[in-house]
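This report goes through some local features of one protein model.

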Amino acid sequence: MSKKKPRSGKKPGPSTPRPLSAKLVDALEEADSLMQRGRLDEAIDVLESADRRYPNRPEVLTQLMNVYHDVEDMIGYMSVAERLSKLVPNDPDLTLALAGAYAANLFPALALRTFHHFLKRWPDHAHADEVRKMAPDLESFLRAEQDELDMPGEAGLELLTMHDTVRSCLAQGRYREARQAAEDLLRRRPDFAPALNNMSQAYYAEGKIDRAISTTQRVLAFEPDNVHALSNLTRYLCLSGHPDEARQSAERLKASAAQAADVWLKKMEALTVLGDDQGVLDVFHHAEQAGALQSPDAATLYHLAAVAALRLTREEDAREYWKRALKLSPDLELARDNLDDLRKPARERHAPWAFGAGNWITPQAIQDLIVHIEPASRRADDDAVTHAARRYLRKHPEMNGLAPVLLDRGDPDARGFALRLALMAETPEMLAVLRDFALSPRGPDEMRFQAAQAAATAGLLPPGPARLWQDGEWRELLLLGFEIHGEPLTQHQPPVEQWALDAMQALRDSDFIEAERLLKQALEIQPDQPDLLNNLAAAYDRQGRAVESQALLRQVHEQYPDYLFARTGLARLHVQNGQLAEARALLEPLWTKKRWHFSEYASFCGAQIELLLAEGNREAAQSWLDMWADANPDHPDLHRYRDLLGRTGRLRHLFKRPARPK
């Protein structure tokens, strides 16, 4: 049965219309103006808001139905047409529009029933003959369905009409009504698998996961190979945090030889949710051999194959599959959005994703999160938000299993939802999820770096550099699970403080003899100050007195092992002498340091860069330079190290820059 755009009909109205408030008139005029200017999405927002504030007003619903028609949202069009038909039952054009909406959305039994009602009420209508010509095609189509389902006669047609009602309610998000309609049908035909499968989907959407799973198992008890039930069961188990059971169900699904019009689609959908990428491509190739790539589902099959191919790093295949999908269905937004995402720099990409967020997260789960988190968020209280997130997880424990799935293969909204929830909750389970996501190649760099920061701060990633996927390649990065500050590191007595500052300026001015004089003068008053001793060693070194400098440096480190600058200076000395293991042994304990002064961090990064270059690891050295430059972009030593590396360091947007010291 081909789709046909239903007519929107003339504007219906009640026999005694209620007066319109000034605000409602303004809303209708605003929506009309937006429609005239082609800003249809904005017009929908205005009308939906007016519908919530002034429910069941034909004036609002008629305009809303028309704009849904214009944007080709036929489910929305049908939903509003149903409501209007109850408010204005005596309008033949509206009844005809509703019948057309049912036909356009592939609910043939509801369409036929509504066409028959139209002909009975208005047999002489201008479009009555056209309807009489359409009705036999629908009747023939439905008779074939009745024969296939063994549902003969008027009773069988009535059951098909009830089945269309279930599917229509499900499509509109009216889940309780869908379940009730399914229960009515099942009282008359308890073994009608499609009704049970649809009822399971309604249960799942309502967050009643156990009921959804048990309902699919009712189907499998009498039809063990039912493709829809096995597909649904695989999805429910995976999305509720039972991956092992989901894989068992998926194996049954792969092996099923049961017939269904959308058998390839149902198999590929379930395997996509499970993350069985090779399984998705295997089914796709079987579908291709069976000639299914000429079916109405072909565009979606190509899309799912593209997702699996890209996840297996077969980017050219993925691009080709998405192009074929769009050639078959130019309005397939998922394919177009993925291709658009691939045009972004590698560090910003989410692709691939197979489904929108609504396919991953139930409406009930989203609503419950809003109820739990929003009040705490309004108070801007981090502890309150954390407690609220943890209460939410106690109510929805399945999120512990779903979060890693969303981070691995969700769309941008679903991935963002999971990341925010994990960062807010900070439970051991969610922190482990963040760690695994950080170490994966999925999603944008910034999101994975946020996850890595949280995991490192919680101690779930070892101190020091970690191998992360950045800019489309694996790179060694230091996780900034610490604070960088500009507060004074040392306090000297009043005359010593000035001499120390003057000595530092003399070192910068290359007046090394004056620096030596000032530092020795300061040490006569405060002889046990490691910073003064360390700077004196530097003054010796700049004068070419290497033996004295190195001896003093070793003395400072021996006396003050926690003094960072002596440690990094000694590490540099080991690097110069080719003693790389000794240099690394000095630097590694600093990886656990939680609070750094800008100058300490610069000294540490410089020593790390020199060590890594000596080890031949230019890639890691560049990463350290990038991190240093992002933390303190104006540090004068950066130019020297950029020259040392032989190319300009690339600053990374994804590291949060600390506030400058005041």
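## Surface charge

A patch is made of residues with over 30% relative accessible area and no salt bridge, with like charges joined within 9 Å. Accessible areas come from the Shrake-Rupley method with a 1.4 Å probe, and a salt bridge is a side-chain nitrogen of Lys or Arg within 4 Å of a carboxyl oxygen of Asp or Glu. Asp and Glu count as negative.

The model is predicted, and local features need pLDDT of at least 70, while side-chain atom pairs count only at pLDDT 80 or more. Residues are numbered from 1 along each chain as its sequence is written, and side-chain values use heavy atoms.

On the surface, Asp-26, Glu-29, Glu-30 and Asp-32 form a patch of negative charge. Glu-29 lies in helix α1, residues 22-36 (helices are DSSP runs, H or I, of at least four residues).

## Pocket and cavities

On a 1 Å grid, a pocket is an open set of points with protein on both sides within 12 Å along at least five of seven lines. In a cavity, a 1.4 Å probe fits but cannot get out; lining residues have an atom within 4 Å of a point.

The second largest pocket has a volume of about 2000 Å³. Its lining has 49 residues, and Met-504, Asn-534, Asn-535, Phe-565 and Ser-599 are the closest to its centre. Helix α27 gives the largest share of this lining, eight residues.

There are two cavities of 30 Å³ or more. The second largest cavity has a volume of about 60 Å³, and its lining includes Tyr-204, Trp-360 and His-396.

## Backbone

Most residues other than glycine have a negative phi, and most peptide bonds are trans. The bond from Ala-351 to Pro-352 is cis, with omega near 5°; Pro-352 sits in the loop between α18 and α19. Glu-426, not a glycine, has a positive phi of about 55°, and is in the loop between α22 and α23.

Terms used
Patches are made of residues with over 30% relative accessible area and no salt bridge: like charges are joined within 9 Å, nonpolar side chains (Val, Leu, Ile, Met, Phe, Trp, Tyr) within 5 Å. The place of a charge is taken as NZ of Lys, CZ of Arg, CG of Asp or CD of Glu. Helices (H or I, at least four residues) and strands (E, at least two) are DSSP runs, numbered from the N terminus. Grid points are joined across faces, edges and corners, and a volume is the space filled by probe spheres set on the points.
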